[in-house]
Amino acid sequence: MQEFLFALTLSALPVISNFIGAMIAEALPSSKLTLGLALHAAAGVLLAIASTELIPRVAIAKPVWATILALFLGGAFFVWINQLLNLSKNRLRGVDHNTVSWVIFLSIAIDLFGDGLMIGTSLTIAPHLGVVLASGRVVAHIPEGFVTNAEFKSQNMPRTERFWLLAAFLIPVWLGATLGYWGLRGQTDLPKLIVLAFTTGTLMVAIVEEILPEAHQTQDTNWSTMTFIGSFALSMLFSSYLK
């Protein structure tokens with residue numbers, strides 16, 4: 001039980017860094033420029049996670065068709081969820097929230113679920129591996145927290161409600177950690193890789209179809225492009241040195 005509590009503690013670290021990013025957005029004045037930079041940064045971080053950490057793990061699965069199918073189903077699942085968000089637009093407490101705000105919130109929640117899953121699973125292999133993965137997520141989630149809070153703030157959502165939503169990120173990350181630690185403990189590699197592939201599919205669709213298009217609708221500059229590739233490179237750098 002102590003190891004499981006340790007898994008929950010480690011998996012909470014990305015949520016804390018996410019909250020730090022949200023506090024930065026709270027302190028800075030909202031503008032299309034800062035929002036666009038944050039969206040590009042979040043896209044870079046998420047793309048780095050999907051392309052350099054999740055996909056290489058998924059590609060080693062045997063049979064490979066199982067993880068490829070799971071990746072496709074993950075993308076299809078996100079399309080379905082996004083459709084539900086579009087249908088529910090204008091019905092959220094009578095406030096006309098921008099759907100992309102909830103898409104970003106959902107994509108980060110899925111990312112956190114994947115973090116918790118990897119952390120919980122890695123602790124069943126070696127404790128130091130879980131520590132390395134959790135440490136690598138701390139910096140990556142700061143721009144994501146900035147984007148989430150800035151988007152909801154731009155929709156004039158009350159501060160208390162925004163903070164409750166940020167605190168709600170503990171739910172997917174702890175759910176993932178619980179599933180990874182107890183559900184996949186002692187299992188072969190294939191079930192773990194199938195779950196990771198499903199997560200990868202959802203993130204890829206979120207990045208390409210929602211976050212980047214929204215980023216280009218803000219005040220887009222060359223700095224936005226540099227922020228995207230810079231956040232991608234920094235995410236790779238931290239992951240590489242913490243492995």
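## Burial of F4

F4 counts as buried because its relative accessibility is 12%; buried means under 20% relative accessible area, exposed over 50%, and partly exposed in between, with a 1.4 Å probe and protein chains only. The model is predicted, so local features need pLDDT of at least 70 and side-chain atom pairs count only at pLDDT 80 or more, while totals for chains, interfaces and linings use all residues. Residues are numbered from 1 along each chain as its sequence is written, and side-chain values use heavy atoms, without hydrogens and water.

## Aromatic pairs

The structure holds six aromatic pairs. Rings of Phe, Tyr and Trp (its six-membered ring) pair if their centres lie within 6.5 Å; planes under 30 degrees apart count as stacked, over 60 as edge-to-face and the rest as tilted. The F4 and Y181 pair is tilted, because the ring planes stand at 40 degrees, with centres 5.8 Å apart. F4 belongs to helix α1 (residues 2–27) and Y181 to helix α7 (residues 170–183), so this pair ties together parts 177 residues apart in sequence. Helices are DSSP runs (H or I, at least four residues), numbered from the N terminus.

Y181 is buried, at 2% relative accessible area. F4 also pairs with W182: the centres are 5.6 Å apart and the planes at 55 degrees, so this pair is tilted. W182 is partly exposed, with 42% relative accessibility. Ring pairs link F4, Y181 and W182 into a cluster.

## Helix α8

Helix α8 covers residues 189–216, and its 28 residues should span 40 Å at 1.5 Å a residue; the expected span is 1.5 Å times one less than the number of residues. Its end C-alpha atoms are 39 Å apart, which agrees. At I207, α8 bends by about 40 degrees, the bend being the angle between axes fitted to the seven residues ending there and the seven starting there.

Note on methods: Helix = DSSP H or I, 4+ residues; strand = E, 2+ residues; numbered from the N terminus.
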